[in-house]
Amino acid sequence: MKSFLKMALLSTALLMPAVAQAQEVVTWWDFLGGGDGVRMKALIEKFNAENAGKIEIQATTLEWGTPFYTKVQTSAAIGEGPDVMTYHLSRLPLGVSSGALSEITTDELTAAGLSGADFAESNWKAAQVDGKQYAVPFDIHSVVLYYNKDKLAAAGLIGDNGLPTGLDGVDNFKAALQKLKDGGSEYGISIHSAAGDSQWRIFYSLLGQQDGQFLDADGNFLSGDNLDKAVKATTVVADWVKDGLAPAATEYPASIALFTGGKAPLHINGVWEVPTMTDLSAKGELGFEWGAIALPTFFDHPATWADSHSFAIPNRVGNEVSPEKRAAVLQVIAWMNKNSLAWADAGHIPAYSPVRDSEEFKTKQPNATYSILADTAVFDPSSVLAGVASPVYDAAGNYLMPAVNGEIDPQSAMEQMRDDLQGQVE
């Protein structure tokens, strides 16, 4: 009998450390493909290696855009889905409205070592709805101006600091485009003019530079003088196309090829194309020195459209993420932000200020040059109609894009865009 008791006690003792050290398995969903996907997988592998025996991320990558958000919403509604997921901040209002997202409390953030003071104010605010926190930003991604330094230098558009100069102001910028074209380029600038999403990003930047409100506090689209500001923003790009300084109805790959092929010395695109330029340059396939800066100030002050990849916790109906699991999730989110320097290799700006302000980040180019975007970012309107793959983006494709390409005059385009979106609210 004594022998049996000793064996039982020994077995219990052997099991206790395993129970005490039981790891939390965090189920993760993301929508990250291409270079973003490669970099995120590397971060997840690093996290799992550093936290072996404590927390393990089990990740699944789903299709970007509407399919991802539809799956999140339907899964949460029936108590299924992940413990944590990537989420565009621009889609947050719709996620909260549909009940798919769980609020993240200040106590939870504090316990994980996170605070709003560690993020740019506009970025942190974009992760809130009605003053409540529903996500934690991971990056800021925006549009930037890519440039061919060789051709700009030949046109006298490179300053003593080695960066483009003389591009601020609507008239100055257009004059620079004409100068570049007259210097032998097919176009002064390349833009993705065949889709509403790319045009929205430029348009919303120029609207923000005028302090224009696409959606006011009363829920009205382009009300009052905001319509006039929207027309001005649209006219800027439409004039480039009309005067042959930018290509009309050009698809995404072709818009990039015009720049990388040397046919357009300037190119507006997202920071996510930085790896493309970096890789081509490293292979000796670019043929010129390149760089990227924040969009010039066309109107009153700097402002650029921005969105953020963020982390959110689903509101799984009837199967809520447990307090222990939530604590593990917040540890994952904190670790990702504190190790986001590697994420900057994808062209993104780290949302976490201590990383963005670090000496290591300041050596990353061209990211460090355009990191001012963190302070001048204008995020999409806080609306269930706005954000990635949203009715606002659809409206941009139906009205803004044709206006840029000369198919509708800017005034009519903005009026129709306003009426369309307002009709979806009323």
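**Close-up views of a predicted model**

**View 1. Strands β7 and β10 lie side by side in this predicted model.** Four bridges pair β7 with β10, and the pairing is antiparallel. Across from glycine 291 of β10 stands tyrosine 147. Strand β10 covers residues 290-293. Which residues of β10 point one way, and which the other? Trp290 and Ala292 point one way, while Gly291 and Ile293 point the other way. All of these residues are buried.

**View 2. Helix α11 and the elements that cover it.** Helix α11 spans residues 252-260. Its buried residues are Ser255, Ile256, Leu258, Phe259 and Thr260. What covers the buried residues of α11? The cover includes strands β7 (139-148), β8 (189-190) and β9 (266-270), together with helix α12 (274-282).

**View 3. An open sheet of five strands.** The strands follow the order β2-β1-β3-β12-β6, and their pairing is mixed. At the edges are β2 (55-61) and β6 (136-137), each of which pairs on one side only. Strands in a sheet pair through backbone hydrogen bonds, in either a parallel or an antiparallel sense. Strand β1 (residues 24-30) and strand β3 (residues 84-88) run parallel and are joined by two bridges. Here tryptophan 28 stands opposite valine 84 of β3.

**View 4. Helices α2 and α3 against the strands.** Helix α2 (residues 34-50) packs on the sheet and touches β1, β2 and β12 (309-312). The direction of α2 makes about 160° with that of β2. Helix α3 (residues 66-77) lies across β1 and β3. The angle of α3 to β3 is about 135°.

**View 5. Tryptophan 28 and the largest nonpolar core.** This core has 73 residues. Which residues have the most contacts inside it? They are Trp28, Met40 and Met336. Helix α13 (residues 323-338) gives the most to this core, with eight residues. Leaving out residues up to four places away in sequence, tryptophan 28 touches Met40, Ile44, Ile57, Gln58, Ala59, Thr60, Pro82, Val84, Thr86, Phe311, Val332 and Met336. Apart from this core lies another, of 53 residues, among them Trp200, Leu207, Ala395 and Val404. Nonpolar side chains tend to be buried together in soluble globular proteins.

**View 6. The packing of helices α9 and α18.** Two packed helices are described by the angle and the distance between their axes. Helix α9 (residues 196-208) and helix α18 (residues 391-404) meet at an angle of about 80°, and their axes are 8 Å apart. Helix α9 is therefore roughly perpendicular to α18. On the α9 side, the contact is made by Gly196, Asp197, Gln199, Trp200, Arg201 and Phe203. On the α18 side, Val392, Tyr393, Ala396, Gly397, Leu400, Met401 and Val404 take part. By class, this contact has eight nonpolar, three polar and two charged residues.

View 7. Leucine 114 lies in the loop between α5 (106-111) and α6 (121-125). Is leucine 114 buried or exposed? The relative accessible area of leucine 114 is 4%, so this residue is buried. Not counting residues up to four places away in sequence, leucine 114 touches Leu109, Phe119, Val136, Ile333, Ala334 and Tyr352. Leucine 206 is 92 residues apart from leucine 114 along the chain, and their C-alpha atoms are separated by 33 Å.

View 8. Aspartate 211 is in the loop between α9 and α10 (225-242). Although not a glycine, aspartate 211 has a positive phi of about 60°. Its relative accessible area of 52% makes aspartate 211 exposed. Alanine 249, in the loop between α10 and α11, also has a positive phi, near 45°. With 51% relative accessibility, alanine 249 counts as exposed. Proline 366 belongs to the loop between α15 (359-362) and α16 (367-370). A cis peptide bond links glutamine 365 to proline 366, and its omega is about 10°.

Technical notes: Residues are numbered from 1 along each chain as its sequence is written. This is a predicted model: local features need pLDDT of at least 70, side-chain atom pairs count only at pLDDT 80 or more; totals for chains, interfaces and linings use all residues. Side-chain values use heavy atoms; hydrogens and water are left out. A nonpolar core is a set of buried Ala, Val, Leu, Ile, Met, Phe, Trp, Tyr and Cys residues joined through side-chain atoms within 4.5 Å. Buried means under 20% relative accessible area, exposed over 50%, partly exposed in between (1.4 Å probe, protein chains only). Contact means heavy atoms within 4.5 Å. Two strands pair if DSSP finds at least two bridges between them. Axes are lines fitted to C-alpha atoms, for helices over the stretch in contact, and angles run from 0 to 180 degrees between N-to-C directions. Angles under 35 degrees count as roughly parallel, over 145 as roughly antiparallel, 65 to 115 as roughly perpendicular and the rest as oblique. Ala, Val, Leu, Ile, Met, Phe, Trp, Tyr, Cys and Pro count as nonpolar, Asp, Glu, Lys and Arg as charged, and the others, Gly among them, as polar.
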